[in-house]
Amino acid sequence: MRKKLLSIALSAAMAAFLIPASAFAATQTITMEIAPEEPIVTESDEGPANYYISEELDKEQIEAAEADASESQTAQHWEELAGEDADKVLMSLDEINQVNMMALGESETNMYDIEQLGGEYDADELAKSLAGTNYDTDRDLYVDGDKVDREAYFGTLKTAINTTGYTGTCTPRYAVAVARTDVKPWPINGVCTWSDEDPAEEIDGAALDVNEPFVIKQVCTVNDVEFYWGYTTNSTGWVKAKHLAVCEDIDQWTDAWKVDAESKAFI
């Protein structure tokens, strides 16, 4: 039996063929033992550890998986799967709203009733809390491919949060996204990775689509780039200010994004 340490870049098709995507969360490299046995997976206390695959990966299986991935990107593929029930309404608008309201009551869903986030708050305490956000302390840090001093980099962000934000007693501001943008745990203007050869963003959060609502509770400026911190319906984080349109009040805000899907004005 031969053991190889492999650095793997998997296509979507290969990821589905080998192992579930969730298995990648805890590790950057995967140790594989090449053996003639059928594929099996062993687990340790820390989760999946070693993945065993046949010594010769069947070329036909790979080609079939890639073909399936390509086919699933066509409209015809999904029309055929839907069959005669393609136009069936699975949930009415009222039923969707009921499910959403139930989800809002469960802390594990990380959903926020953003229309109820009004009221005064201590902006200084919020800034202090945000500047104390944890970050990875064990890895090299690269920003847009260039290695940076990790402590100095996050130190600059912390200082900006503590010194360029709102102060005193504040009330929320209301905005909608005017461009698809990222909601990040830090006010980062760039792509942070653990390697200069790794294009994947490591310090990331959620996405905000055009006209999605955002409730602003803090602001900061980093290297002349302004960021807002606040709430979406299912996340919190920093968004570039240029990607948001700030409304005059909560009424203008709800008029902008809370569209009646059953009205004639809805497209």
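This is a predicted model: local features need pLDDT of at least 70, side-chain atom pairs count only at pLDDT 80 or more; totals for chains, interfaces and linings use all residues.
**Helix H6**

Helix H6 runs over residues 150–163, 14 residues in total. From the first C-alpha to the last I read a reach of 20 Å, close to the 20 Å expected at 1.5 Å a residue.

I then looked up which residues of H6 are buried, and found Arg150, Tyr153, Phe154, Leu157, Ala160 and Ile161. They lie on the same side of H6, because the arc they cover around the axis is only 115°.

Next I asked what these buried residues of H6 pack against.

**Positive phi values**

Aspartate 144 is exposed, at a relative accessible area of 52%.

For asparagine 211 I recorded a phi of about 70°. Asparagine 211 belongs to the loop between strand S12 (206–208) and S13. With a relative accessible area of 33%, asparagine 211 is partly exposed.

**Lysine 184**

I turned to lysine 184, in the loop between strand S10 (181–183) and S11. Is lysine 184 buried or exposed? I read a relative accessibility of 8%, so lysine 184 counts as buried, the cut-off being under 20%.

I then searched for polar partners of the lysine 184 side chain. A polar atom of that side chain lies 3.0 Å from the backbone oxygen of glycine 190. I also found a polar contact of 3.0 Å between the side chains of lysine 184 and glutamate 201.

Leaving aside residues up to four places away in sequence, I listed the residues that lysine 184 touches: Gly190, Glu201, Ile203, Asp204, Gly205, Gly237 and Trp238.

**The chain as a whole**

Finally I looked up totals for the chain. I noted seven helices and 16 strands. The chain has 267 residues, of which 30% count as buried. Among contacts between residues at least 6 apart in sequence, I found that 65% join residues at least 24 apart. The accessible surface comes to about 17,400 Å², and carbon and sulfur atoms account for 48% of that surface.

Technical notes: Residues are numbered from 1 along each chain as its sequence is written. Side-chain values use heavy atoms; hydrogens and water are left out. Helices (H or I, at least four residues) and strands (E, at least two) are DSSP runs, numbered from the N terminus. The expected span of a helix is 1.5 Å times one less than its number of residues. Buried means under 20% relative accessible area, exposed over 50%, partly exposed in between (1.4 Å probe, protein chains only). The arc is that of the directions from the helix axis to the C-beta atoms. Contact means heavy atoms within 4.5 Å. Accessible areas come from the Shrake-Rupley method with a 1.4 Å probe; for residues, only the protein chains shown count as cover. A polar contact is a pair of N or O atoms within 3.5 Å; within protein, one must be able to donate a hydrogen and the other to accept it, and residues adjacent in sequence count only if both atoms are side-chain atoms.
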